[in-house]
Amino acid sequence: MALGTDYAFQDCSLARTLEVVGERWTMLIIRDAFYGVHRFNDFLVHLEIPRAVLTTRLQALVAAGVLTKQPYLRSPVRYSYVLTQAGRELWQPIYGLAQWGERNASNGKVRTIFSHFTCSTRLDRVGNCPACGGPVPPEDITIRPGPGADASLRKDPVSRALARPHRLLTPLQLTDGTAG
């Protein structure tokens, strides 16, 4: 029997979630939106994703209510893509997968450090602040490269901006003076 192209006959919330976020590139687009990437060309350059694929994924994420389009330029019209509340609820799965990758797919090298903005304490493996207690919402998290990060792999403006400590959900300040 051939593998289906969707999960229409799966009576499962995980299957419904995969309908929204399970396509290749989708989770990386969402990750980048948390990291402060908002503009089409910045997603395109940072992810090195085919233009048509990015267009399709962004349209699907907007249709699913994960992202919203907000105009930032009138002529020609250009849009930024910002996480909605439903999109922001994906932080825990994104963080959990990143932590799993740090432990199991990164040769023991921490590539990204997530810290509580308020007290600078590094988050634990489930996203809690050991110093303050409890989970930390994404807008209160700072990211910075860890000792296992390899800055020589990427030279695009988004990667250069992410090489500096940065608060999640805050538009990146790119080297050309624009906000990502």
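Start at the largest pocket, which holds about 1,100 Å³ of space. You are looking at a predicted model, in which local features need pLDDT of at least 70 and side-chain atom pairs count only at pLDDT 80 or more, while totals for chains, interfaces and linings use all residues. Residues are numbered from 1 along each chain as its sequence is written, and side-chain values use heavy atoms, with hydrogens and water left out.

A word on terms before you click. A pocket is an open set of points on a 1 Å grid over the protein atoms alone, with protein on both sides within 12 Å along at least five of seven lines, and lining residues have an atom within 4 Å of a point. Grid points are joined across faces, edges and corners, and the volume is the space filled by probe spheres set on the points.

**Stop 1: the largest pocket**

Select Arg 31, Tyr 35, His 46, Arg 111 and Thr 112: of the 31 lining residues, these lie nearest the centre of the largest pocket. Helix 2, helix 3 (40-47), helix 6, strand 3, strand 4 and helix 7 (157-162) each give the lining at least two residues. Which element supplies the largest share of this lining? Helix 6 does, with six residues.

By type, the lining of the largest pocket holds 17 nonpolar, six polar and eight charged residues. Here Ala, Val, Leu, Ile, Met, Phe, Trp, Tyr, Cys and Pro count as nonpolar, Asp, Glu, Lys and Arg as charged, and the others, Gly among them, as polar.

**Stop 2: helix 6**

Select residues 91-104 next. The end C-alpha atoms of helix 6 are 20 Å apart, which agrees with the 20 Å that its 14 residues should span at 1.5 Å a residue (the expected span is 1.5 Å times one less than the number of residues). Show the side chains of Trp 91, Ile 94, Tyr 95, Gln 99, Gly 101 and Glu 102, the buried residues of helix 6. They sit on the same side of the helix because they cover an arc of only 155 degrees around the axis. That arc is taken from the directions from the helix axis to the C-beta atoms. Buried means under 20% relative accessible area, exposed over 50%, and partly exposed in between, with a 1.4 Å probe and protein chains only.

Helix 2 (26-35), helix 5 (85-88), strand 3 (112-116) and strand 4 (141-145) are among the elements that cover these buried residues. Also in helix 6 is Trp 100, which counts as partly exposed at 48% relative accessibility.

**Stop 3: the second largest pocket**

Move to the second largest pocket, with a volume of about 260 Å³. Phe 40, Val 77, Arg 78, Tyr 79 and Tyr 81 are the closest to its centre of the 14 residues that line it. Helix 3, helix 4 (51-63), strand 1 (67-74) and strand 2 (77-83) each supply at least two lining residues here. The lining of the second largest pocket divides into eight nonpolar, three polar and three charged residues.

While you are in strand 2, pick Ser 80. Is Ser 80 buried or exposed? Ser 80 counts as buried, at 11% relative accessibility. Leaving aside residues up to four places away in sequence, Ser 80 touches His 38, Thr 68, Lys 69, Gln 70 and Tyr 72 (contact means heavy atoms within 4.5 Å).

**Stop 4: helix 4**

Turn to helix 4 and select Leu 54, Arg 57, Leu 58 and Leu 61, which are buried. Seen down the axis of helix 4, these buried residues fall within an arc of 100 degrees, so they line one face. An α-helix has 3.6 residues a turn, so residues three or four places apart point the same way. On the other side of helix 4, Ala 52, Gln 59 and Ala 63 are exposed. The buried residues of helix 4 pack against helix 1 (13-21), helix 2, helix 3, strand 1 and strand 2.

**Stop 5: backbone details**

Most residues other than glycine have a negative phi, and most peptide bonds are trans. Zoom in on Ser 75 and Pro 76, which are joined by a cis peptide bond with omega of about -5 degrees. Pro 76 lies in the loop between strand 1 and strand 2.

Then go to Ser 120, in the loop between strand 3 and strand 4. Ser 120 is not a glycine, yet has a positive phi of about 65 degrees. Ser 120 is exposed, with a relative accessible area of 57%. Finish at Leu 169, in the segment after strand 5 (166-167), where phi is positive at about 70 degrees.

Technical notes: Helix = DSSP H or I, 4+ residues; strand = E, 2+ residues; numbered from the N terminus. 1 Å grid on protein atoms, 1.4 Å probe; cavity = no way out; pocket = protein on both sides within 12 Å on 5 of 7 lines; lining within 4 Å.
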